[in-house]
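User: Could you take a close look at one part of this model with me? I would enjoy a connected walk through the details.

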Amino acid sequence: MSFKEDVERGDVEERFLAALGEGMAAIEWNGRWPDDPEADSYGHWNYDGVQVVFHGDEARYGDWTEEHTVFVHVTKHGDLPRARKLAAHIGSDVLGEAQLGW
C-alpha cells in the first residue's frame, strides 16, 4: 500500500513513529541537490532526495529488519562520489552498495 501526503517539517514525525510501531514504512524528501560544477555533477529534480526506510535496508523495500536506513538519492544512474560528498557534509559516509531507488 502506498500513501503520499505533503506535510510541514516538525508536524507529523512523532505521530508517524508512534503509529508505525514495528511496521515497515518510509519517509521521502524529494528535491534537487545543488550543482557541483567542479565535479561535473548537477542536480536532478526527478531523482535527487533523501529517503528513510524504517525497519528495512532496501530502498525499494525488502525484508523486515530491526534497523532503519537512510538513502541519499542522486541522479538516475547514480553518482557514488556525489553521494559520498553529500553524506560527508553531515559528518557521515555511504555504507553498503548502491541500490536502485525510486
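Is Phe16 buried, partly exposed or exposed, and what is its relative accessibility?

Analyst: Happy to! A word on the basis: this is a predicted model, where local features need pLDDT of at least 70, side-chain atom pairs count only at pLDDT 80 or more, and totals for chains, interfaces and linings use all residues. Residues are numbered from 1 along each chain as its sequence is written, and side-chain values use heavy atoms, leaving out hydrogens and water.

Phe16 counts as partly exposed because its relative accessibility is 26%; buried means under 20% relative accessible area, exposed over 50%, and partly exposed in between, with a 1.4 Å probe and protein chains only.

Now to its ring. The structure holds one aromatic pair, formed by Phe16 and Phe54, with 5.5 Å centre to centre and 55° between the planes, which is tilted. Rings of Phe, Tyr and Trp (its six-membered ring) pair if their centres lie within 6.5 Å; planes under 30 degrees apart count as stacked, over 60 as edge-to-face and the rest as tilted. The pair links distant parts of the chain, as Phe16 sits in helix α1 (residues 13–20) and Phe54 in strand β2, 38 residues apart. Helices (H or I, at least four residues) and strands (E, at least two) are DSSP runs, numbered from the N terminus.
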